[in-house]
Amino acid sequence: MDIAQQLPALVIVLPMLAAPLCVLIRHSALCWALSVFTSLLTFLSAFGLFNQVRADGVIRYAIGGWAAPTGIEYYVDMANASMLLLVSFISLIVLLYAYESVKKSVVKAKHYLFYAAWMLCLTGLLGITITGDAFNVFVFLEISSLSMYMLIAFGSNRRALTASFRYLIMGSIGASFILIGIGFLYAATGTLNMADMAGRIPDAEAQRAVLVAFSFLTIGLMIKSAVFPLHGWLANAYQYAPVAVTAFLAGTATKVSLYVLLRFFFSIFGTEYSFGYMLLNVVLLPAAIVSFILLSLVAIFQSDLKRMLAYSSVAQVGYIVAAFCLATEQGLTAGIVHIFNHGIIKTALFMSVGCMLFRLGHTHRNSLDNLISTMPFTVVAFIISGLGLIGVPLTVGFVSKFTLIGAAMEKGWWLVGALVLLSSLFAVIYIGRVIEIMLFRKVRVNEPAPVGMKEAPLSMLVPMYALIGVSIWFGVFGTTTLSVAREAALVLLGGYQ
Amino acid sequence: MSILGLYNYWVVVALMMAGLYIMIARYNLIKKIIGLGVFQTSIFYLYITMGKVHGGTAPILAEGYPLYSNPLPHVLILTAIVVGVATTAVALALIVRIYEEYDTIEEDELKSIELAEQES
Amino acid sequence: MKLYVRQRHRVLQVVTKLIIPFVLLFALYVQFHGDYGPGGGFQAGVLFASAFILHGLIFGLQRTRSVLTPSLLRVLMALGVLIYLGTGIVTMLLGHNLLDYAALAANPKTGQHWGIFAVELGVGVTVTAVMVSLFYSFASKRL
């Protein structure tokens, strides 16, 4: 077996193999070790793929040896190679971190199911990203969604169940809409292969089926990536899921959906059709702007940290979608780089909140008085990644916001740039208030000092700081990610070869 | 290609709207899932009806039957049906757990319980 | 109580006992003829499971559970997926792409045949196990 040649398959096969093995093993710690090991191997495979793509260009892998338009193919270019890298990396880091927190919040007899669901979710997310077949996107989307519902329902509060159920209803509608869209595209073009489809759409554009497919796909993908006003499922799901799951989902789930959105609108339908003929930005841009303004405002008024960060996630999705709406190379670059940067920052933020949850048992903003004295490392981690979320210079947030505003100016959308700045101010408020409470507010005298308060365990701190290290690295040397994102943007705008 | 000639698509539309309406309008979680089932079934119909070739037989190669329906939508829908079954199973499992925790599966009652919980 | 139930459903029980072997046989036919004609793992798995579900409905869950225990089902569920993926991994080890059955025999056609056979077996095992365990988990709830 030539491993270098089999990498596209290995990325999917490894986590898919780990899931049934977890069910067979049934031992909590062993399952965790297996999941971490698998995630590591998957990450290495993704890294290998990334390097191959950088060196030799697009990789096409025919499943079952059936060549492209007939069979299912995996199609790897710069855009999805970098997404694969992001998803597998975040899974690896969060799994390393998850051990203690899962041990505490999930019933021990169910740990093996938890890790099996995690592996399936990872399979689904990677599958959506790597596949070059439109129907395969739907199948992997459902694999990841179903395991996500399960992971969310593992939350210790009973409201996790209703949150998961509501997500299930919304998610199923979204996935079904995507299925309808793919069906109409198949009817209009007679192919399911995405590259093939992209080639045939110009001839089929006059058909109304393409228009209908476009509309269904837009709505379905907006639900899945939680764009305002279809973000309703997200807040509860993020708040009540186990914190490790929230950290994982925040960094990957909506991001992968956004990637699919990019793929369909820019590569398959083509920029000209999506934005020139269908006027997608007339729908998406207002939604995106309302997303980042309104939801940042909503985040200010949340007293629960997890919920606050969940709303902030919707706001950040707004930035990304607004960047896509520019439909220029610069705009797409900004969007893609923000997918990465936000994925890393938000995961780090949720991880630090998870550390607080681990020791305090809750995450109410108003009772984090002077937390720095008991949990200094956690608080510093929160502050660093919080600054990244706001977009302070030398953090990754600055890199992406700077690019985004630059792109908006380039296109002449001054107002959009100004609104991005305004919503960054809101971010200063909601993050700043938390930081202020944690640093400066003194513990009230009449309250007894909390017993047994100490720093979170090392097994949680080390992965968290590893992630923060990565975010600082990419903040200081922002050109690395920017150049990758630019290559990805060019690939997406250029369509299939 | 008169309007009635496309009656199979009208069936799809009717089922799809009925399913969506049930999901939105009913408070009972089980009924929501029934709505989801109807909605998904309409999509299966859409695919199957798309694959039908006028005068075509079942897609099995045999002497004397040169015209057959497109088998690909059938295969796709087989997968989608399995996905639908899995979704229903997960949803029902969640409903069972919700019932165990809340003693009700009415959406409005669940909401009021959660609201009361939040205020206390 | 048990005796009463038994006597009351005598006809059903006898008929069920007669039917179950044929259901299983038909399921096996659909399973193993699936690579020649209509059929395959999904359909066969559901048919196979339906025999056990029928048994459970007529004779009570307890007796079915003693034959197909939930822990066995869990193993079968995982095993089916492993058979499927295992086939894929074998083809990869033989130097072909994932699930390229042509690798499995000298003659590509025979290889395709064997590959589909193995994969459908995996699908069938998993579908059976999942169906029966779905039935168990919902039928054993007392709400």
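How many residues does the contact take from chain A, and how many from chain B? The model is a predicted one, and the points below should be read with that in mind.

1. The A–B contact. Chain A contributes 21 residues and chain B contributes 24 residues. On the side of chain A that touches chain B, α5 (134–153) and α6 (159–189) of chain A each supply at least two residues. The most comes from α6(A), which gives 13 residues to that side. By residue class, the side of chain A that touches chain B consists of 13 nonpolar, five polar and three charged residues.

2. α6(A) against α2(B). Helix α2 of chain B covers residues 29–51, and α6(A) packs with it at an angle of about 10 degrees, the axes being 10 Å apart. Angles under 35 degrees count as roughly parallel. The helices α6(A) and α2(B) are therefore roughly parallel to each other. From α6(A) the contact uses F165(A), I169(A), S172(A), S176(A), L179(A), I180(A), G183(A) and A187(A). From α2(B) it uses L29(B), K32(B), L36(B), F39(B), Q40(B), I43(B), L46(B), Y47(B) and M50(B). The residues of this contact of α6(A) with α2(B) are twelve nonpolar, four polar and one charged.

3. α5(A) against α10(A). Within chain A, α5(A) packs with helix α10 (residues 243–268) at an angle of about 160 degrees, and their axes are 12 Å apart. An angle over 145 degrees counts as roughly antiparallel. That is therefore the relation of α5(A) and α10(A) to each other: roughly antiparallel. The crossing of α5(A) and α10(A) is left-handed. On the α5(A) side the contact is made by V137(A), M148(A), L151(A) and I152(A), and on the α10(A) side by V245(A), L249(A), A253(A) and V260(A). The contact of α5(A) with α10(A) comprises eight nonpolar residues, with no polar and no charged ones.

4. The fold of chain C. Chain C has six helices and zero strands, in the sequence pattern α-α-α-α-α-α. Its radius of gyration is 18 Å, well over the 15 Å that the globule rule gives for 143 residues, so chain C is more spread out than a compact globule. The C-alpha trace of chain C spans about 60 × 30 × 20 Å along its principal axes.

5. Burial and contacts in chain C. Of the 143 residues in chain C, 36% count as buried. Among the contacts in chain C with a separation of 6 or more, 64% are between residues 24 or more positions apart.

6. The C–B contact. Here five residues come from chain C and six residues from chain B. On the side of chain C that touches chain B there are four nonpolar residues, no polar ones and one charged.

7. A209(A). This residue is in helix α8 (residues 208–224) of chain A. Not counting residues up to four places away in sequence, A209(A) touches F184(A), A187(A) and A188(A). A187(A) is also one of the α6(A) residues in the contact with α2(B). The C-alpha atoms of A209(A) and G181(A) are separated by 8.9 Å, and the two residues are 28 residues apart along the chain.

Notes: Residues numbered from 1 in each chain as written. Chains lettered and ligands numbered in written order. Predicted model: local features only at pLDDT ≥ 70, side-chain atom pairs only at ≥ 80, totals over all residues. Contact = placed C-beta atoms within 7 Å. Helix = DSSP H or I, 4+ residues; strand = E, 2+ residues; numbered from the N terminus. Nonpolar A, V, L, I, M, F, W, Y, C, P; charged D, E, K, R; others polar. Rg over C-alpha atoms; globule rule 2.2 N^0.38 Å. Buried ≥ 20, exposed ≤ 12 C-beta atoms within 10 Å, placed from the backbone. Axes fitted to C-alpha atoms, helices over the stretch in contact; angles between N-to-C directions. Parallel < 35°, antiparallel > 145°, perpendicular 65-115°, else oblique. Left-handed = near helix turned anticlockwise from the far one by under 90°.
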